[in-house]
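Reader: I would like to go through the terms used for this model one at a time. Please set each value against its cut-off.

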Amino acid sequence: MKDFIARLPKAELHLHIEGTLEPELMFEIASRNRVHLPYQSPEQVRKAYEFSDLQSFLDIYYQGTRVLLQDRDFYDLAWAYLKKAHEQNVRHAEVFFDPQAHTERGIPIRAIIDGLDQAFQDGERQFGISSKLILSFLRHLSGDHAMKTFQDALPFRDRFAGVGLDSSERDHPPEKFTSVFARAREEGLFVVAHAGEEGPPDYVWQALDALRASRIDHGVRCIEDPALVDRLRAERVPLTVCPLSNVKLRVFDAIENHNLRQLLSAGLCVTINSDDPAYFGGYINENFLAVHEAFDLTKDELCMLARNSFEAAFLPDSEKTRIFAELDELASS
Ligand code: ADE
Ligand code: ZN
């Protein structure tokens with residue numbers, strides 16, 4: 001089945017580009033930028049990746065971003081991801097970036113967007129991977145800070161396609177960001193938000209009603225609220241589920257105890273994604289394989305998960321139809 005998963009065309013819809021920084025590249029960039037790392041080697045970095053919850057991960061994740069200073073660093077980061085995505089037959093990627101994690105350190109927003117955008121354009125040319133960037137706001141910062149960041153990003157409006165909301169979920173409800181998301185919608189950007197990862201189902205309601213998110217990142221805690229599950233099913237709101245992340249960050253204590261089966265049985269549009277693969281031990285194929293092994297997913301179910309990822313993507317219908325036909329063929333092979 002590993003082979004079958006590798007051959008499936010997939011869309012990656014929940015990936016933080018900063019979360020793809022592998023320790024080797026972290027060392028390489030730190031060395032050329034003369035940034036001190038509190039580790040002696042990439043192996044030592046990997047050993048430090050033991051997390052007790054989302055915050056314990058974010059502290060290390062933001063520390064890793066400190067090596068990224070120039071356009072070239074953002075380019076190299078994204079290019080390394082694209083090579084991996086190509087190897088894993090990812091055809092389309094909608095990728096988060098966290099400008100505030102960098103502008104707070106004095107990095108100009110132009111350098112971040114120039115570097116990332118150039119890499120994704122090259123990825124489309126060289127690998128045929130289509131992509132969209134999602135400017136994601138850090139929810140532990142204020143609504144005003146998000147609005148200021150959005151205004152600073154507006155000169156580059158044509159280089160990102162959506163906005164998102166990430167970082168520490170507990171005590172940072174989506175409603176804090178109602179104004180900036182309304183502003184983003186006026187600009188014609190698509191809207192997604194992390195909710196129901198560690199936070200309560202109420203945050204998923206807020207993401208839908210206050211932010212008008214058309215996709216929920218994680219959302220696994222929706223299962224605690226039957227009315228919410230009904231709404232997500234009725235409106236076919238996709239969930240971008242990240243199984244290895246959920247285990248690493250102890251949302252579930254083991255992959256076998258993940259609620260993926262319940263989400264699927266509830267008839268939800270579930271997709272499988274990798275979140276921060278350099279930190280969580282696997283990219284998209286490893287996430288597919290982990291849930292296949294834990295839940296004995298059939299070929300048809302794996303195809304449905306891949307199909308959902310294209311249904312949930314912000315792609316033209318003509319492109320979706322083409323991929324659906326390819327998936328149908330693979331399913332019957
Ligand atoms: N930023 C990077 N990964 C994240 C996650 N899993 N949840 C919230 N914010 C994040
Ligand atoms: Zn995430």
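Author: The model is predicted. A residue counts as buried when its relative accessible area is under 20%. S136 has a relative accessible area of 0%, so S136 is buried.

Reader: Where does S136 lie, and which residues is S136 in contact with, leaving aside its neighbours within four places in sequence?

Author: S136 lies in strand β3, residues 130–138. With those neighbours set aside, S136 is in contact with F96, F97, D98, P99, Q100, G164, L165 and D166.

Reader: What makes the pair S136 and D166 a polar contact?

Author: A polar contact needs a pair of N or O atoms within 3.5 Å. The side chains of S136 and D166 are joined at 3.3 Å, so the distance meets that cut-off. The side chain of S136 also reaches the backbone nitrogen of L165, at 3.5 Å.

Reader: Which residues surround ligand 1?

Author: D166 is one of them.

Reader: Which polar atoms lie at 2.8 Å or 2.7 Å from a nitrogen atom of ligand 1?

Author: A polar backbone atom of S167 is 2.8 Å from a nitrogen atom of ligand 1. A polar side-chain atom of E197 is also 2.8 Å from a nitrogen atom of the ligand. For D275, an N or O atom in the side chain is 2.7 Å from a nitrogen atom of ligand 1. The protein covers 100% of the 260 Å² of accessible area that ligand 1 has on its own.

Reader: What is the space taken by ligand 1?

Author: That space is the largest cavity.

Reader: Why is S167 called buried?

Author: S167 has a relative accessible area of 7%, and the cut-off is under 20%, so S167 is buried. S167 is found in the loop between β4 (162–166) and α9 (178–186).

Reader: What is the phi of S167?

Author: Phi of S167 is near 80°, a positive value in a residue other than glycine. Most residues other than glycine have a negative phi.

Reader: What is the phi of H218, and is H218 buried or exposed?

Author: H218 is not a glycine, yet its phi is positive, at about 75°. H218 lies in strand β6, residues 215–218. Its relative accessibility is 0%, which is under 20%, so H218 counts as buried.

Terms used
Residues are numbered from 1 along each chain as its sequence is written. Chains are lettered from A and ligands numbered from 1 in the order in which they are written. This is a predicted model: local features need pLDDT of at least 70, side-chain atom pairs count only at pLDDT 80 or more; totals for chains, interfaces and linings use all residues. Side-chain values use heavy atoms; hydrogens and water are left out. Helices (H or I, at least four residues) and strands (E, at least two) are DSSP runs, numbered from the N terminus. Buried means under 20% relative accessible area, exposed over 50%, partly exposed in between (1.4 Å probe, protein chains only). A polar contact is a pair of N or O atoms within 3.5 Å; within protein, one must be able to donate a hydrogen and the other to accept it, and residues adjacent in sequence count only if both atoms are side-chain atoms. Contact means heavy atoms within 4.5 Å. A residue is near a molecule or strand if one of its heavy atoms lies within 4 Å of it. Accessible areas come from the Shrake-Rupley method with a 1.4 Å probe; for residues, only the protein chains shown count as cover. On a 1 Å grid over the protein atoms alone, a cavity is a set of points where a 1.4 Å probe fits but cannot get out, and a pocket is an open set with protein on both sides within 12 Å along at least five of seven lines; lining residues have an atom within 4 Å of a point. A molecule sits in a cavity or pocket if more than half of its atoms lie within 2 Å of its grid points.
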